[in-house]
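Visitor: Could you walk me through this one? I would like to go from one residue to the overall fold.

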Amino acid sequence: MRSILLRLLVNTLSVFFTAWILGDAVQLDGFTSAIGVAIVLGLLNVFIKPLLVLFTLPATLFTFGLFLFVINALVIMLADSMLSSFHVANFWWALLFSLVLSFINSLLRNLGEDRQNQEPY
């Protein structure tokens, strides 16, 4: 349970900082909206994204995986349409939002990793 709450906090902070970095192109009503976006994105990534990846597998293979960026942008736009407190200007901003969000998310997760339990190289 603690792991899920910690992951939700990291995703919420990532959404909040990404919306702040991208400025007017991504509108977020506040920190509580960032929590909602993090929850909705998490649910969409669990239930919808695998289906999209499966249905677009030929395009993903043909583009050597680059089509996954398009799928991420579509998931962001779907979250935009589901939440009134979150708005992304267009597809290209959704694509940039997903890239920046992934980068910030990985930074925050690496900061919180326990370095003592890792095996040496």
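Guide: Happy to! Thr12 has its place in helix α1, and please keep in mind that this is a predicted model.

Visitor: Is Thr12 buried or exposed?

Guide: Its relative accessible area comes to 2%. The cut-off for a buried residue is under 20%. Thr12 therefore counts as buried.

Visitor: Which residues is Thr12 in contact with, leaving aside its neighbours within four places in sequence?

Guide: Contact here requires heavy atoms within 4.5 Å. With the sequence neighbours within four places set aside, the partners of Thr12 are Phe31, Ala34, Ile35 and Ala38.

Visitor: And Leu57: is it buried, partly exposed or exposed?

Guide: Leu57 sits in helix α4, which covers residues 57–62. Its relative accessible area is 39%, while buried means under 20% and exposed over 50%. Leu57 is therefore partly exposed.

Visitor: How do the axes of α1 and α6 lie to each other: parallel, perpendicular, antiparallel or oblique?

Guide: The axes of α1 (residues 2–22) and α6 (residues 91–111) come within 9 Å and cross at roughly 135°. Roughly perpendicular ends at 115 degrees and roughly antiparallel starts over 145. The two helices are therefore oblique to each other.

Visitor: What is the handedness of that crossing, and how do its contact residues divide?

Guide: α1 passes α6 in a right-handed crossing. The residues of this contact divide into 14 nonpolar, four polar and two charged.

Visitor: Which residues have the most contacts inside the largest nonpolar core?

Guide: In soluble globular proteins, nonpolar side chains tend to be buried together. Here the largest nonpolar core has 22 residues, and the elements giving two or more residues to this core are α1, β1 (26–28), α2 (31–47), α5 (67–82), β2 (86–88) and α6. The residues with the most contacts inside this core are Val15, Leu41, Phe86 and Phe97.

Visitor: Leaving aside neighbours within four places in sequence, which residues is Phe97 in contact with?

Guide: Phe97 is one of the α6 residues that meet α1. Beyond its neighbours within four places in sequence, the contacts of Phe97 are Val15, Thr18, Ala19, Leu22, Val26, Ile76 and Phe86.

Visitor: Stepping back, in what order do the elements run from the N terminus on?

Guide: The secondary structure of the protein comes to six helices and two strands. From the N terminus on, the order is α-β-α-α-α-α-β-α.

Key
Residues numbered from 1 in each chain as written. Predicted model: local features only at pLDDT ≥ 70, side-chain atom pairs only at ≥ 80, totals over all residues. Heavy atoms only, no water. Axes fitted to C-alpha atoms, helices over the stretch in contact; angles between N-to-C directions. Helix = DSSP H or I, 4+ residues; strand = E, 2+ residues; numbered from the N terminus. Parallel < 35°, antiparallel > 145°, perpendicular 65-115°, else oblique. Left-handed = near helix turned anticlockwise from the far one by under 90°. Nonpolar A, V, L, I, M, F, W, Y, C, P; charged D, E, K, R; others polar. Buried < 20%, exposed > 50% of the residue type's maximum accessible area, 1.4 Å probe, protein only. Core = buried A, V, L, I, M, F, W, Y, C linked by side-chain atoms within 4.5 Å.
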